[in-house]
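Good morning, and thank you for making time for this presentation.

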Amino acid sequence: TYNLPIVMGQQVNLSCLDHQDRMASGSFHVQQPRLGSFVITVQENAKNGIVNREDANFIRVLQKELRVGDEIAVQPGTKKLEYKGQYLPVTDMVFLASGTGIV
């Protein structure tokens with residue numbers, strides 16, 4: 001078993017097939033990395049134009065079509081969380097949401 005070295009704030013590119021065998025892909029940022037897994041946060045309703053069309057399609061497939069046992073390909077992206085403050089390491093990330101956006 002190999003665990004990807006994914007860190008908080010890192011971009012991950014996810015891809016899978018929908019029920020019609022069409023590719024669905026999206027890019028997201030990791031909120032909570034754990035050994036062997038990670039958490040991302042997606043919008044409940046991605047149709048309002050805040051996310052791009054590709055990410056919105058992946059979110060739709062994730063929420064409505066994927067079942068336990070289905071496969072998702074993961075490609076780690078760049079590590080974008082840059083914190084140069086005095087309190088290291090960063091162990092938690094807090095998001096404040098207002099309506100459909102992140103404040």
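Predicted model: local features only at pLDDT ≥ 70, side-chain atom pairs only at ≥ 80, totals over all residues.

Not counting residues up to four places away in sequence, Ala24 touches Leu14, Ser15, Cys16, Asn57, Phe58 and Val61, where contact means heavy atoms within 4.5 Å.

Residues are numbered from 1 along each chain as its sequence is written, and side-chain values use heavy atoms, with hydrogens and water left out.

The protein chain has an average pLDDT of 79, and 78% of the residues score at least 70; pLDDT is the predictor's confidence in each residue, from 0 to 100. Helices (H or I, at least four residues) and strands (E, at least two) are DSSP runs, numbered from the N terminus.

Ala24 also belongs to the largest nonpolar core, which has 11 residues, including Leu14, Cys16, Phe28, Phe58 and Val61. Elements β1, β2 (23–34) and α1 (53–64) each supply at least two residues of this core. Such a core is a set of buried Ala, Val, Leu, Ile, Met, Phe, Trp, Tyr and Cys residues joined through side-chain atoms within 4.5 Å. Buried means under 20% relative accessible area, exposed over 50%, and partly exposed in between, with a 1.4 Å probe and protein chains only.

Let us turn to α1. Its buried residues are Asp55, Ala56, Phe58, Ile59 and Val61, and the buried residues of α1 pack against β1 and β2. At the start of α1, a side-chain oxygen of Asn52 comes to within 3.2 Å of the backbone nitrogen of Glu54.

How many salt bridges does a search of the whole structure find? The search finds two, each being a side-chain nitrogen of Lys or Arg within 4 Å of a carboxyl oxygen of Asp or Glu. Asp18 and Arg22 form a salt bridge at 3.0 Å, N to O; Asp18 is buried, at 6% relative accessible area, whereas Arg22 is partly exposed, at 47%. Glu65 forms a salt bridge with Arg60, with the closest N and O atoms 2.7 Å apart. Here Glu65 is buried, at 14%, and Arg60 is partly exposed, at 29%.

Thank you for your attention.

Definitions and conventions
Polar contact = N/O pair within 3.5 Å; in protein donor to acceptor, adjacent residues only side chain to side chain.
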